[in-house]
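Please study the sequence and the structure before reading each solution.

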Amino acid sequence: MATTSPTGPRKPWWKKRWGIAAVAVGVILALGAIGSTRNPEAASSASPSPSAMVAAVSAEPTPAVTAPPAATAEPTPTAVPTPTPAPTPTPKPTPAPTPTPKPTPVPPVLSQTGRGDKVLKFAAQDGPLVARIANKGGSNFAVISYTGSTYNDLLANVIGAYSGRVYVEPGVNLLKITSSGSWTVELRPISSATAWDGKSALTGKGDSVILLTGGSFSTTTITNKGTDNFGVIAHGVDGDYLDLLVNVIGAYRGEVLLPSDDPVVLSVQDVGGTWTMSAVQ
């Protein structure tokens, strides 16, 4: 048989204190739910629940994303103007050099070619002449000059071939030629003689006529390697006889004094030899 408690009958749960409290909480929650349903904005603005606050505190803050700085536009380069090239000056034409006029050759007083013996007549000249004479014969060859009917000089006298230039005095107007072969004679003014300024040595061969300038009263050493007669005679350009500088047979070497005339004509007589005149001192 069951034993009963001395206490009275039990109260329903909702009449107890904790039951009343539970009912009150439930009413509050229900009202809150109804209010949030009717006004969502109020619900969202309501204070967060304790669990939401804990979640917010415990969550790491999301770093703010910094927008990259706007790219600075590069300045547009200013176009450098292309310099206009300076016009190239047109070179002035170089004037053609004026050619040095060649001296007009003086026409010969006489120019003749022949064979065998011959007498040549021509007009007498006021000044001395240079006679260029050549012979190809094998026998005696001689040329004698005359002034009118008067004997003047023996210009050439050799056996066999000959070639040379000889001095002819003013006034001569006739040449007598003795030859067994062919010959040529040409007479020109004294200006056609071999020009020499005396600054360097002069070498020649055989009979020659030299027109020396700048050698007034100076000296020159003359040498000769021939074996025949060797002579050097000084004349003025007007034909005057000045001096017999050398007159020997065969080889020669010596220093001679030149006349004071300037210019002076030197007549070299040297058949077949070689001669030299040193620079004038």
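**Exercise 1.** How many salt bridges does the structure hold?

*Solution.* The model is a predicted one. The structure holds 2 salt bridges. In one of them, the side chains of Arg-132 and Glu-186 meet, with a distance of 3.8 Å from N to O. This pair links distant parts of the chain: Arg-132 lies in strand E3 (residues 129–135) and Glu-186 in strand E8 (residues 182–189), 54 residues apart. Glu-186 also forms a salt bridge with Arg-188, where the closest N and O atoms are 3.0 Å apart.

**Exercise 2.** Determine whether Glu-186 is buried or exposed, and then classify Arg-132 and Arg-188.

*Solution.* Step 1: the class "buried" requires a relative accessible area under 20%, "exposed" requires over 50%, and "partly exposed" lies in between. Step 2: Glu-186 has a relative accessible area of 16%, so Glu-186 is buried. Step 3: Arg-132 has 35% relative accessibility and therefore counts as partly exposed. Step 4: Arg-188, with a relative accessible area of 23%, is also partly exposed.

**Exercise 3.** Which residues form a negative surface patch, and where is Asp-238 placed?

*Solution.* Step 1: the negative surface patch is formed by Asp-238, Asp-240, Asp-261 and Asp-262. Step 2: Asp-238 is found in the loop between strand E13 (229–236) and strand E14 (241–249). Step 3: the relative accessible area of Asp-238 is 47%, so this residue is partly exposed.

Notes:
Residues numbered from 1 in each chain as written. Predicted model: local features only at pLDDT ≥ 70, side-chain atom pairs only at ≥ 80, totals over all residues. Heavy atoms only, no water. Patch = residues over 30% accessible without salt bridge, like charges linked within 9 Å, V, L, I, M, F, W, Y side chains within 5 Å. Areas by Shrake-Rupley, 256 points an atom, 1.4 Å probe, with all protein chains shown as cover. Salt bridge = Lys/Arg side-chain N within 4 Å of Asp/Glu carboxyl O. Lys, Arg positive; Asp, Glu negative; His and termini not counted. Charge placed at Lys NZ, Arg CZ, Asp CG, Glu CD. Helix = DSSP H or I, 4+ residues; strand = E, 2+ residues; numbered from the N terminus. Buried < 20%, exposed > 50% of the residue type's maximum accessible area, 1.4 Å probe, protein only.
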